[in-house]
Amino acid sequence: MKKQILIGMALVASMSLSAQKEASITIKVNEGKQTIPKEIYGQFAEHLGTCIYGGLWVGENSSIPNTNGYRTDVLNALKELKIPVLRWPGGCFADEYHWMDGIGPKENRPKMVNNNWGGTIEDNSFGTHEFLNLCEILGCEPYISGNVGSGTVEELAKWVEYMTSDGDSPMANLRRKNGRDKAWKVKYLGVGNESWGCGGNMRPEYYADLYRRYETYCRNYDNNRLYKIASGASDYDYNWTEVLMERARKNMHGISLHYYTVTGWSGSKGSAINFTDEDYYWTMGKCREVEDVLKKHIAIMDKHDPSKKVNLLLDEWGTWWDEEPGTIRGHLYQQNSLRDAFVASLSFDIFHKYTERLTMANIAQIVNVLQSMILTNDNGIVLTPTYHVFNMYKVHQDATYLPLELICEGMKVRDDRTVPLISTTASKDKDGKIHISLSNIHLDETQEITINLPDVKTKNVSGQILTSKNITDHNTFDKPDVVNLKEFKGAKFNKGVLKVTLPAKSIVTLELN
């Protein structure tokens, strides 16, 4: 696999050395081999705060416009993103969720306390049918997280049968009794979640054996074929990956990984919208550190699995800030600024490079929680800056990754990280269109970028830009379009060279047709 080369980092000691910012990129249009799986743009929906209730689901009798209980405005916004896969019901919630509480007539479903997230009472009105039907409406693959922490092998095995068996079996007949004759197609099955923490506080040796037991009894029914995913490590826990790959690799299709851009797990994580320039630049360094984390986990996997039969799935990633003042403690409702959009764009630029092993990523979370796509209230929705990045970048789904070389300046940030001022990625789709995404993280300086595209002939260059006056800018219900996509006209192509004037704190996606 060709790797992007970042050159020039050692040539720059600080931002003050140069008033003029320039960068060059060479895109190797004819050397692309890897496909960027659309699942890299996956989503995650947990029973947490108002992600499900009030976010995705309001019920058929709600005064909020809905389609069979799903918020119509949210459905339409999510369809625009072409969501490829949706993970559910957690997260930490998954290992306390008992699926039989969420089937059958809603008035008969028992309530439960959501112990992980604020002690909220869960009425189970959104369960298996509601989730899998939502996936059909959105045209995405469901990713089920099974209960290993407080559940049983029998419980998970029966859930698989209930969802995927078309035979004359007890669970298939129970599904039919509950109104669904034909089995659903369910590909992705996570065997537990964060088993090192909220999923049971297990040792990797114990979980490896437990995983092998659980996956044994999760059968393939009829034409459905499960893709079984082991609960993997938290960011820097390389020993967890080592043990699981040594002891259970032959029993898994994939192993998960979680990585959050967060200042710390205790005390204040900082505000989502009230932060300093120094905080912003530190965040850029922290989010880029995912590349080093990916490399190290992949190296361990390569050692045990050189033929790359086991995939890596980053099924939780994103920013984690303090809850917004005045919101319910434990519901993880946070605003979403232009800074979060940069975390998304820089992360995708990195993910694209490692798709020989990294085949899925699921941002946390889809609505109203952490780095969400959408914020909702009873009167409407707000599309976040992160939503707009997903919309810009959807052109890379299932396209061929184009290796490239980047020469740009960098800057030192807190904790002695060096951050490149430019981040970029490129791909070619099945119709031959080339898409180039560029991010200028500098808060004040425009970047003049020369992009070399040997052997490319085109007359049409179009683009979109995401930027705003301040890096702390965000969208609200009163002002929903402060940070929004606009047409970009700062690119000119001539004889194999694309010249781009990239404004400060801006993200651009270009199309060459």
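**Cysteines**

Modeller: The sulfur of C287 lies 14 Å from the closest cysteine sulfur, that of C408, which is too far for a bond. A disulfide here is a pair of cysteine sulfur atoms within 2.5 Å. This is a predicted model, where local features need pLDDT of at least 70 and side-chain atom pairs pLDDT 80 or more, while totals for chains, interfaces and linings use all residues. Residues are numbered from 1 along each chain as its sequence is written, and side-chain values use heavy atoms, without hydrogens or water.

Biologist: How many disulfides does the rule give?

Modeller: The count is one disulfide. C92 is joined to C198, S to S 2.1 Å. The link of C92 and C198 is left-handed, with -90 degrees about the S-S bond.

Biologist: Which parts does the pair tie together?

Modeller: C92 is in the loop between β6 (85–88) and β7 (112–114), and C198 in the loop between β10 (188–191) and α5 (204–216), so parts 106 residues apart in sequence are tied together. Strands are DSSP runs of E, at least two residues, and helices runs of H or I, at least four, numbered from the N terminus.

Biologist: Is D340 buried or exposed?

Modeller: Buried means under 20% relative accessible area, exposed over 50%, and partly exposed in between (1.4 Å probe, protein chains only). D340 is buried and has no salt bridge, that is, a side-chain nitrogen of Lys or Arg within 4 Å of a carboxyl oxygen of Asp or Glu. D340 lies in helix α9 (residues 338–351), and its side chain reaches the backbone nitrogen of S337 at 2.8 Å.

Note on methods: Lys, Arg positive; Asp, Glu negative; His and termini not counted. Polar contact = N/O pair within 3.5 Å; in protein donor to acceptor, adjacent residues only side chain to side chain.
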